[in-house]
Amino acid sequence: MGNSSEIVSFVLSAYGNIGELKYLYFIIILVWYLSICVANTVLIVVIRVDRRLHEPMYILLSNLCVNEINASTSLYPLLLSQMFSDSHEVTVPWCFLQMCFMYISAPAEFWGLAAMAYDRYISICHPLCYNVIMNTKRVFLLILLVWIFSLVSFILSFSFIFGLKFCRNIVENVYCDHQLMIRLSCSVSTQSYISEIFFAIVSIFIPFTLISVSYFKILAVCRKTSIENKQKAVTTCTPQIFSVSNLFVGGIFHSIDFRFLIARVPDEVRIILPMYVLICQPMLTPFLYGFNLPKIRHSFKRLLFKRK
């Protein structure tokens, strides 16, 4: 295959021959995907219905839940569709679409958490100015900027892939990974390496730095306040710190090239670990915030039992 016009689909070779296990895998993946969608949707509905939760922190949390559904949808429907496929082929447009969803949701996650960290910083370090700085219009502007920035980051980093000429079509994974797709092109330019570095800096390093600075400043202020204020800060900040830490671990797993460890790492681990973030993070978010933050927990109970 020496011409890009001949490549109409990619073959996801990592599925192999799973035999009768495909039924079990299908049920597990379907239940997990539906659980993610239901958990995040419930949290969004609770925040939307209860006017007492129409505060910046909870509005930003709703945006994070929307992104969890978006990130999950970039992966799980493809996995489900491939369970009963014999050829494991994915058309080029669908592969590109899946890649778009996945690599837009990644920066949206980090920048969404950065917006939440900024909200906590203003709330704890500048409480008297909080209502002025974090008004509703500014919160929605922040959310809009998160998605615009994520989209622009993806376009500037990976849009060149759409114009590549592919000489091979075997993707050694269970989804369309951009790194593997670049290796299938007839020529790999330095642009691919530059785009990787640019995406990592803009989508991960910069928001992670902003999050770290925000929490260091919060920590500095909390050291000088009362025990009650310290407990309040810990209650609201702990889920975000845990989320960022989990994303950081997932980013490490995604960045490791397991091909060099193939002799030591089982195939299942080599396939699952790079997807760690998309498996754990979308489910962690609603449970971390929904069951950890008292206001959301009480609002959920009121909604469930229809109490005022």
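Helices (H or I, at least four residues) and strands (E, at least two) are DSSP runs, numbered from the N terminus. The model is predicted, so local features need pLDDT of at least 70 and side-chain atom pairs count only at pLDDT 80 or more, while totals for chains, interfaces and linings use all residues. Residues are numbered from 1 along each chain as its sequence is written, and side-chain values use heavy atoms, with hydrogens and water left out.

**Exercise 1.** Find the helix that holds Ile28, and classify the accessibility of Ile28.

*Solution.*
- Step 1: helix α1, residues 21-49, contains Ile28.
- Step 2: buried means under 20% relative accessible area, exposed over 50%, and partly exposed in between (1.4 Å probe, protein chains only).
- Step 3: Ile28 has 48% relative accessibility, so Ile28 counts as partly exposed.

**Exercise 2.** Work out which residues join Asp50 in a network of salt bridges.

*Solution.*
- Step 1: a salt bridge is a side-chain nitrogen of Lys or Arg within 4 Å of a carboxyl oxygen of Asp or Glu.
- Step 2: Arg52 qualifies with Asp50, their closest N and O atoms being 3.1 Å apart.
- Step 3: Arg302 also meets Asp50, at 3.0 Å from N to O. Arg302 sits in helix α12 (residues 294-305) and Asp50 in the loop between α1 and α2 (56-73), so this pair ties together parts 252 residues apart in sequence.
- Step 4: Asp50, Arg52 and Arg302 therefore form a network of salt bridges.

**Exercise 3.** Is Asp50 buried or exposed?

*Solution.* Asp50 has a relative accessible area of 10%, so Asp50 is buried. Its partner Arg52 is partly exposed, at 48%.
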